[in-house]
Amino acid sequence: MSSESRLYTFSTETKDQLRKFRLGTSRSNQPQARIYQIDKKNMEIRQVDDEVYTKIPDIVDELPDNTPRYILLSYPLTLASGRLSVPYVMVNYLPPTCSSEMRMLYAGAKELMRNTSEAGRIIEIDSPEDLESIEEKLKE
């Protein structure tokens with residue numbers, strides 16, 4: 001068992017939500033996202049709210065200026081070949097103004113969150129506005 005999985009926890013409810021969200025977004029024709037945070041008191045990784053965001057500007061509005069967040073994002077896009085793809089990724093939002101303690105906290109749980117959520121890859125951003133160009137990052 002890795003040290004991350006002993007330090008950070010997921011409730012059974014959160015694990016179930018992660019699985020349902022991943023399975024439920026695979027054929028979506030619009031972006032879908034959920035925002036997650038780490039509760040410093042009990043080191044639990046959980047959803048910020050019950051919202052499923054379908055518009056990138058709404059996610060941008062919800063991100064705090066100086067606190068990291070994980071965003072699970074299912075984003076349908078048409079590839080150059082004309083084929084529809086729906087990548088399921090984790091966005092690691094780490095603003096430059098957050099404390100070093102928070103940076104370490106979120107860095108330590110990043111791979112655990114990715115593995116537990118079964119996201120395909122991690123995309124790093126440091127400002128909410130970076131989300132507005134997420135489609136280009138997904139096509140890389």
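Predicted model: local features only at pLDDT ≥ 70, side-chain atom pairs only at ≥ 80, totals over all residues.

Visitor: Which residues of the largest nonpolar core touch the most other members?

Guide: Of its 20 residues, those are Tyr8, Ile38, Ile45, Tyr70, Leu72 and Met113. At least two residues each come from H2, S1, S3, S6 and H4, and H4 supplies the largest share, six residues.

Visitor: What makes the aromatic pair of Phe21 and Tyr88 tilted?

Guide: The ring centres of Phe21 and Tyr88 lie 6.1 Å apart, with 55° between the planes; a pair requires centres within 6.5 Å, and planes under 30 degrees apart would count as stacked and over 60 as edge-to-face, so the label that remains is tilted. Phe21 belongs to helix H2 and Tyr88 to strand S6, so this pair ties together parts that are 67 residues apart in sequence. Both Phe21 and Tyr88 are buried.

Visitor: What are the distance and the angle for Tyr70 and Tyr106, which form an aromatic pair?

Guide: For Tyr70 and Tyr106 the values are 5.1 Å centre to centre and 50° between the planes, and this pair is tilted. Tyr70 sits in strand S3 and Tyr106 in helix H4, 36 residues apart, and the pair thus links distant parts of the chain. Tyr70 is buried, as is Tyr106.

Visitor: Why is S1 described as largely enclosed by the rest of the structure?

Guide: Eight of the eight residues of S1 are buried, and therefore the strand is largely enclosed by the rest of the structure; buried here means under 20% relative accessible area. Both faces are covered, with Gln32, Arg34, Tyr36 and Ile38 buried on one side and Ala33, Ile35, Gln37 and Asp39 buried on the other.

Visitor: How do you know that S1 pairs with S3, and in which sense?

Guide: Five bridges join S1 and S3 in the antiparallel sense, and at least two bridges are needed for two strands to pair. Arg34 stands opposite Leu72 in S3. S1 and S2 also run antiparallel, joined by four bridges, with Gln37 opposite Arg46 in S2. Four residues lie between the strands in the hairpin of S1 and S2, where Met43 takes a positive phi near 60°.

Visitor: What makes the pairing of the sheet mixed?

Guide: The five strands form an open sheet in the order S2-S1-S3-S6-S7, with mixed pairing. The antiparallel sense is found between S1 and S3, whereas strand S6 (residues 88-93) and S7 pair in the parallel sense over four bridges. Within the latter, Tyr93 has Ile125 of S7 as its bridge partner.

Visitor: Where do helices H2 and H4 lie?

Guide: Helix H2 (residues 12-25) lies across strand S1 (32-39), S2, strand S3 (69-74) and S6, running at about 160° to S1. Helix H4 (residues 100-117) packs on the sheet, where it touches S1, S2, S3, S6 and S7, and its direction makes about 25° with that of S3.

Notes:
Residues numbered from 1 in each chain as written. Heavy atoms only, no water. Contact = heavy atoms within 4.5 Å. Axes fitted to C-alpha atoms, helices over the stretch in contact; angles between N-to-C directions. Core = buried A, V, L, I, M, F, W, Y, C linked by side-chain atoms within 4.5 Å. Buried < 20%, exposed > 50% of the residue type's maximum accessible area, 1.4 Å probe, protein only. Phe/Tyr/Trp six-rings, centres within 6.5 Å; stacked < 30°, edge-to-face > 60°.
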